[in-house]
Amino acid sequence: MKLIIAIVQKEDANKLQHAFVKESIPVTKLSTTGGFLSEGNTTFMIGVDEQRVKKVLRIIKDESKAREEYMNPNMMMTGFDVSRQPVRITVGGATCFVLSVEEFKKF
């Protein structure tokens with residue numbers, strides 16, 4: 001058994017959850033507030049058999065799109081002077097961890 005932990009931008013969370021439901025993949029969903037970019041994240045924890053790992057990762061990749069946004073550089077904490085022009089950043093996509101499960105119990 002594997003545990004997949006997927007961290008996605010809040011904007012992608014609902015369509016990703018619907019895709020999991022459509023494929024009958026049970027998940028646990030944790031929502032968090034944003035950091036310095038003020039963007040919220042959602043963490044999905046998915047326990048699956050090894051043969052379903054590729055399918056779950058494909059769904060995550062298909063439903064979690066990276067996109068570019070502009071932010072005010074005054075919001076960034078830096079130790080040097082920065083220009084006052086908006087900064088283009090990439091947000092979204094997914095960060096995934098696939099972990100081996102040593103033991104699984106359900107009470």
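Biologist: Before we start, what pLDDT do local features need here?

Modeller: Residues are numbered from 1 along each chain as its sequence is written, and side-chain values use heavy atoms, with hydrogens and water left out. This is a predicted model where totals for chains, interfaces and linings use all residues, side-chain atom pairs count only at pLDDT 80 or more, and local features need pLDDT of at least 70.

Biologist: Okay, in what order do the elements of the protein run from the N terminus on?

Modeller: Helices (H or I, at least four residues) and strands (E, at least two) are DSSP runs, numbered from the N terminus. The protein has 2 helices and 6 strands. Reading from the N terminus, the order is β-α-β-β-α-β-β-β.

Biologist: What is the strand order in the open sheet of 4 strands?

Modeller: Two strands pair if DSSP finds at least two bridges between them. β1 (residues 2-9) and β6 are antiparallel partners over 7 bridges, 8 bridges join β1 to β3, and 5 bridges join β2 to β3. Put together, the sheet is open and antiparallel, with the order β2-β3-β1-β6.

Biologist: Which strands stand at the edges, then?

Modeller: Follow that order, β2-β3-β1-β6. An edge strand here has a single partner, so one side of it is left without a neighbour in the sheet, and that applies to β2 (28-32) and β6 (94-100).

Biologist: Which residue of β3 stands opposite L30?

Modeller: L30 lies in strand β2, and β2 runs antiparallel to β3. The one standing opposite L30 is T43.

Biologist: Is L30 buried, exposed or partly exposed?

Modeller: Buried means under 20% relative accessible area, exposed over 50%, and partly exposed in between, using a 1.4 Å probe and protein chains only. L30 has 40% relative accessibility, so the label is partly exposed.

Biologist: At about what angle does helix α2 run to β1?

Modeller: Axes are lines fitted to C-alpha atoms, for helices over the stretch in contact, and angles run from 0 to 180 degrees between N-to-C directions. Helix α1 (residues 10-22) lies across β1, β2 and β3 (41-48), at about 25 degrees to β3. Helix α2 (residues 53-63) lies across β1, β3 and β6, and its angle to β1 is about 0 degrees.

Biologist: And at roughly what angle do the axes of α1 and α2 cross?

Modeller: The contact involves D12, K15, L16, A19 and F20 of α1, with V56, I59, I60 and E63 on the α2 side. Those axes come within 9 Å, and the crossing angle is roughly 145 degrees.

Biologist: How many residues does the largest nonpolar core have?

Modeller: A nonpolar core is a set of buried Ala, Val, Leu, Ile, Met, Phe, Trp, Tyr and Cys residues joined through side-chain atoms within 4.5 Å. I4, L16, F20, F44, I46, V56 and I60 have the most contacts inside this one. Two or more residues come from each of β1, α1, β3 and α2. The size of the core is 15 residues.

Biologist: Is L16 buried or exposed?

Modeller: L16 is found in helix α1. Not counting residues up to four places away in sequence, L16 touches V8, F44, I59, I60, E63 and S64. Its relative accessibility is 0%, so L16 counts as buried.

Biologist: How far apart in space are L16 and S64, C-alpha to C-alpha?

Modeller: S64 is one of the residues that L16 touches. The pair is 48 residues apart in sequence, yet C-alpha to C-alpha the spacing is 7.2 Å.

Biologist: Last one: what share of the 107 residues is buried?

Modeller: L16 is one buried example, at 0% relative accessibility. Across the 107 residues in the protein, the buried share is 27%.

Technical notes: Contact means heavy atoms within 4.5 Å.
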